[in-house]
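I opened this notebook to keep track of what I looked up, one topic at a time. The entries below follow the order in which I went through them.

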Amino acid sequence: MPSTVQSPPSTATLDAATDPVGDVPRDWPGLWLQMLRARNGAPSPQLSHSPEFGWAVDDVIGVRASALFDLYKPLLDARARQRRPREHTPWVVAQLGQSLDGFVATLTGDSYYVNGAHCLLHLHRLRALCDAVVVGAGTVATDNPQLTTRRVPGPQPVRVVMDPEARLDGLSRVFRDGQAPTLWVCDSRHAAQARSRLGPVPVHAEVLAVDDLLANDGTAGYHPQRAVSALATRGLHLLFVEGGGITVSRFFTAGALDRLHLVVAPVLIGNGRRGLQATAHAVMADCPRPKVRTLALGQDMLWDLDLRSS
C-alpha cells in the first residue's frame, strides 16, 4: 500500500528526540522494579495488595513517585483481578498524544515529535506492564515502529497490528526483526493474503484470523471488541492500544477501552491528522464526562480518563 513520504527531521525534531527526562525522582527506579515484580505475580517487599483496594506502596515515597505509581496502579490492579479464578475479562488501556488543537500529525504526516521525551518514556512503561501493544496498519506503514521496551526495564509485549483487510506488505520491522512476537490481525477473509506476504518461515510473526472482524455497513470499519476477544483466547488479557489516532478513536467509540491516557502537547498544528474523535452528541447532558486526573509529563499534560466511570 502507498505510504506517506516523510520529510527529514528538523532541528526541533532532533531536540525533542534527545531531550533528557529530568523529573524522574530518585526513588522511582527501585519502585518501578517492584511494580514489575507485582506485574509478574511475585511478592514485593515494597508493595502490598488487598482485594478491596488493590496495590499500595508500603514505604514512604516522594510526591512525584507517588503520582507515577497512581498512574500505573490501575494496570497492576487489572492484572491482579485477572489472576482470580474465572475472572479473565480483558482490560484495555489506550494512549494518544496530540496537539492543543487536536492533531496527531501535520497534513504531510509528520508527527516527530508531537510529544516530548517524557511521553515516550511513558509509552515504554505502558508496553512493559501490558501483555500486548496494539497499533493500526497506518501507524506501521508510516512510522515502521519497533514497539519494544528498550527505554525501560521490563518484558517485551506481544506486538499486535490491526489490519483487517491485510493491506500491509509484511516487510515492516514488527514482522521481520524478531525482537518480540507479532500478531497480524486480519478478517478471516483476508488472512490467506497476509500469510502469503509473511512467507513460508516467518520469524516470530503470525496471522491471527478473526471471523467477521470487518463491519458490513460499507464504512470500511471493523469491530474492535471481536479483536479483543480473539486476543484473549491467546492469553493476552491486558492490552495497550498505542495508536494511531484512527485506531484509538475506533476502540474508544466502540466502548472497548477501560482507560485512556490523552497526552496534550503545547503545540498548535493548525490542520492535519485528527487526534481523538468521539461520537457526536446534540446536548451537553448526553456527553460522557469520565472521572479524570492530570499529570505533567515534562511540558505535556496527561489526562488519565477512567472510561468505566461515565
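**Entry on the second largest pocket.** Working with a predicted model, I looked up which residues line the second largest pocket and found 21 of them, with F252, A278, P288, P290 and L305 lying nearest its centre. Two elements give two or more residues to this lining, namely α9 (245-253) and β13 (300-306), and I noted that α9 gives the most, with 3 residues. Sorted by class, the lining of the second largest pocket holds 14 nonpolar, 6 polar and 1 charged residues. For the space in the second largest pocket I wrote down about 510 Å³.

**Entry on the sheet.** I then asked in what order the strands of the open sheet run. The sheet has 9 strands, and I read their order as β8-β7-β6-β5-β9-β3-β10-β13-β12, with mixed pairing. At the edges I found β8 (205-210) and β12 (291-297), each of which pairs on one side only. Averaged over the sheet and with direction ignored, neighbouring strands are turned by 25 degrees against each other.

**Entry on one strand pair.** I picked out strand β5 (residues 132-136) and strand β6 (residues 158-162), which pair in the parallel sense over 5 bridges. Within this pair, V134 stands opposite V160 in β6.

**Entry on helices against the sheet.** Helix α7 (residues 191-198) packs on the sheet, where I found it touching β7 (182-187) and β8, and its direction makes about 175 degrees with that of β8. Helix α8 (residues 224-233) also packs on the sheet, touching β3 (91-99), β6, β7, β8 and β9 (238-243), while its direction makes about 125 degrees with that of β8.

**Entry on a helix pair.** Last, I looked up how helix α2 (residues 28-39) and helix α4 (residues 117-129) pack, and found an angle of about 25 degrees with their axes 10 Å apart. On the side of α2 the contact is made by W28, W32, L36 and R39, and on the side of α4 by R125, A128 and L129. By class, the residues of the contact of α2 with α4 come to 5 nonpolar, no polar and 2 charged.

How values were computed: Residues are numbered from 1 along each chain as its sequence is written. This is a predicted model: local features need pLDDT of at least 70, side-chain atom pairs count only at pLDDT 80 or more; totals for chains, interfaces and linings use all residues. Side-chain values use heavy atoms; hydrogens and water are left out. On a 1 Å grid over the protein atoms alone, a cavity is a set of points where a 1.4 Å probe fits but cannot get out, and a pocket is an open set with protein on both sides within 12 Å along at least five of seven lines; lining residues have an atom within 4 Å of a point. Grid points are joined across faces, edges and corners, and a volume is the space filled by probe spheres set on the points. Helices (H or I, at least four residues) and strands (E, at least two) are DSSP runs, numbered from the N terminus. Ala, Val, Leu, Ile, Met, Phe, Trp, Tyr, Cys and Pro count as nonpolar, Asp, Glu, Lys and Arg as charged, and the others, Gly among them, as polar. Two strands pair if DSSP finds at least two bridges between them. Axes are lines fitted to C-alpha atoms, for helices over the stretch in contact, and angles run from 0 to 180 degrees between N-to-C directions. Contact means heavy atoms within 4.5 Å.
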